[in-house]
Amino acid sequence: MSTDEIRVKIKKSIATITSLSPEEITDTASYRDDLQLDSLTILEIAVDAEYQFQVKIPDEVLSEIRTVDDTVRVVQQHLELAVA
Amino acid sequence: MKQLRVVVTGIGVVTPIGTGCERFWTNLLAGRSGIGPVKSFDTSAYSVHRGAEVHDFEVENYLSNLDAAHLGRASQFAIAAARLALADANVEIASLDLERAGVSMGTTSGEPREVERFDDLFVSRKLGRVGPEFLALYPSHVIAAHIARELRFSGINIMIPTACAAGNYAIAHAFDVLRAGRADLMLAGGSDSFSRITYTGFAQLGAIAPEVCQPFDRHRKGMIPGEGAGVLVLEPFSSATRRGARIYAEISGYGLSCDAHHMTAAHPNGEGAMRAMQQALAQSSLSPQDVSYISAHGTGTSTNDRLETLAVKRLFGDAAYRIPMSSIKSMLGHTMGAASAIEAAACTLAVYHDRIPPTINLKEPDPECDLDYVAGCARAHTVRVAMNNAYAFGGNNASLILRKSYE
Amino acid sequence: MRNRVVITGAGVISSLGDSSSSLQFSLCSGRRAVKPVELFNTAGLGCPLGGEIPSFDAQKYLGRRNLRPLDRTSRLVASAAQLALNDSGWSESMRKEEAVGLVLGTMFSSVHTISEFDRRALEAGPAYASPMDFANTVINAAAGQTAIMHDLRGMNTTISTGITSGLQAIAYATEVIRSGRARAILAGGADEMCFESFYGFDRAGLLCRSEQYAGDFPIPFDKRRNGFALGEGAALLMLEDAHFARDRGAHPLAEITGHGCGYDCLQGEDEESAVNAIALSIRRALNDAFTGPHEIDCLSASANGSHAGDHHEARGVFAGLNGQTRKLPVTAIKSMLGETLGASGPLQVIALLETMRDGVLPGINGLDQVEDDLAFDMISCSNREIDLEAALINSAGFDGHCCSLVLAKV
């Protein structure tokens, strides 16, 4: 799966979870500071990403995720790990 | 007009550290832990594996009228605790006006194993096997209903499912019912059974500790889900004395509030918790410095313990440093809707025996948690007034005050 | 000295309307919400009927807020709360000054959310279970979500007593205000239509079967009745201390003068025990209201088409009112709404507020062959004009719970 495909799916999921508009969900906007999302919502985004892509991301890595870019990168890494 | 006084004359508990008041109290004071590997379902797909389950529980010992096969686990615990409480209070059921004997219980999940059974059948496409028993076993009101059915109580019957503060809510309601003269005797408390739904949820929130529950400790890693039931016999002071009952303690007041802030996280400045404590003190005509002991909600999560400490300090001021506050969840785990009922039982016993249970596993206090948490060992301590605090998902806060009945 | 409790506003989300007046209009037009269920597949079930709310869109009531964290039950409650707050004039700024409470009655809260959460964990593995859904698996979730959304910082309690949950919640809130603990509380109930609970009722053999007869079901008090149909909804009333309401310039719609409850510990299996519990509930409510049976102008019955339940209630009412039921007008709105569980009692109250206003008591839709020896003479499928000063509302469940409320004109 390409990075762009991953990005599109993740942004769609964030839109569903938060009701934010696609324009607001930029690649580098901070979930907490820019999008004002609380910890439960950020956790939901992470678990939904794991579920959609069928990957398991360790807690320590999950807690480092701050933006869409981070989420895409981590998902991609774990997809590659799964294939390898 | 003088308000009717409400006292506790009986205690019944089913807990991970023992069933029955005596065993529970002995083990509590000894700092015994009920936490161990989860046995009721397979946790290999989880990253945590420990819980506080009730072992060796034989419900048949407590049933005269109902059949265990028609009772969910939380109902079984509740009936056992109810029977134990009545026996402890030396109540002759035959002497009661059953239309004025009531039940007020709290729970977080009701009977989740029944919906788990439903789901197991659903995913394996065998839903046809679900029979009429689902409705009779599942909805949460059945817990109070089953107690009443077993005992033939036809007074007030109510279920208050306010999650982890439910026991306090149920006891508070029973207190109000008695004071309004709408019952002569109330069984009040809470019950919850171990459940994979609850375990899964808390595991997903990253809230479950891998090994032990260590409230207020710098290295605390979370809570440990548990199960159990606690039931108190409450009656008016006048009728308790008239029948020569042993009076453990008096309930003098309670406070309820709502954070209205977040579903799973407490308000960051402890405001809701403070209001609940303030109301309880005001209703009891007491000041913060009158409190001898606080039974903390103390789940062992990073946020709860810190915010709870903050709320206590904000309300009590300097007195906070003089009042011991312990968390028995360090031993029992978090028994959900039963927790504050079991903790109310512990407060009642603390008032009666002038001893307070410890917070175990507290080795190095978090610098933000600098109160006296009775670390390690139980302590002899004159307990004139005990405050029992509980905080729940949905921002439900409840504080209950128990005091010596003869002062 | 107890404070008097008045109702200053109502919020309703029902299958027959999202306002008190549209609900009353539908009821008085004999509109039936009970139809073949569309929310989920009922193939293989004995009963295909239910009173679901068609195209429920919470965004319509709650604006542009993010509703993903709320499940259907929470959305129903939060929407009804918004309407009740609007109706009673409790603005956002007023709620910042005064901590308004919420007492919600619900039988299931959301068993659907609990089940979906568990099923996803079973099918995909526990690591993929939804944390946001978990927050809604506690039975007090809807009350919590609603408090957050509308800044309701007063006491927040959830009551679960089966069918009577909503009326019990109103009784609970009434006591809190009487005692002076609070001055304003939103009280009522809700339950959503979902496959899991529907399945449970169907398997228990409690739901109506319409194949055998021409005509529509359920039909309370009718000889041909054979069960009830499930519905859904949320209904909340703003209860206030009467003096406080007057001082702030609110217009009270009615007063709650009394409440009572009873419990049949044999849960309907013994007729005398069931009848006795209902009679006791009514007597307690009347005593609490300092009202005699002859002062009651109408009865809103809990009857939902259940064979034994309706019969027990009729006998219980007869006993509770000391036999003074011949000239008592009776309605049973579950004939049209279906059995809305936690919402049922509050919906009955809201319908009667309208009857107080417009003098029309809705008939019992579909009632044609009244049960033999029924203690009521003024009962039919036609609307009735009445001058309503004091009403008795009854809520009684197959689970043994009974709750009664006396409502009076102010």
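**Entry 1: a strand pair in chain C.** I began with C:L104, whose bridge partner in β5(C) is C:T158. Before going further I noted that this is a predicted model, in which local features need pLDDT of at least 70, side-chain atom pairs count only at pLDDT 80 or more, and totals for chains, interfaces and linings use all residues. Residues are numbered from 1 along each chain as its sequence is written, and chains are lettered from A and ligands numbered from 1 in the order in which they are written.

I then looked up the strands themselves (DSSP runs of E, at least two residues; helices are runs of H or I, at least four residues; both are numbered from the N terminus). Strand β4 (residues 101-105) of chain C pairs with β5(C) in the parallel sense over 4 bridges; pairing requires at least two DSSP bridges between two strands.

**Entry 2: the sheet around it.** I followed the open sheet through its 10 strands, in the order β5-β4-β6-β8-β1-β9-β15-β14-β10-β11 (chain C), and found the pairing mixed. Its edge strands, β5 (156-159) and β11 (330-331) of chain C, each pair on one side only. Helix α7 (residues 141-150) of chain C lies across β4, β5 and β6 (184-191) of chain C and runs at about 150° to β4(C). Such angles run from 0 to 180 degrees between N-to-C directions, with axes fitted to C-alpha atoms, for helices over the stretch in contact.

**Entry 3: where chain B touches chain C.** I found 56 residues from chain B and 58 residues from chain C in the contact, which is counted where C-beta atoms, placed from the backbone, lie within 7 Å. On the side of chain B, α3(B) gives the largest share, 6 residues. By class, that side has 31 nonpolar, 19 polar and 6 charged residues. Here Ala, Val, Leu, Ile, Met, Phe, Trp, Tyr, Cys and Pro count as nonpolar, Asp, Glu, Lys and Arg as charged, and the others, Gly among them, as polar.

**Entry 4: the two domains of chain B.** I noted domain 1 (7-242) and domain 2 (252-403) in chain B, with bounds from an automatic or database domain assignment. Their C-alpha centres lie 21 Å apart. Their contact takes 61 residues from domain 1 of chain B and 56 residues from domain 2 of chain B. On the side of domain 1 of chain B, α6(B) supplies the largest share, 8 residues.

Key. Two residues are in contact if their C-beta atoms, placed from the backbone, lie within 7 Å.
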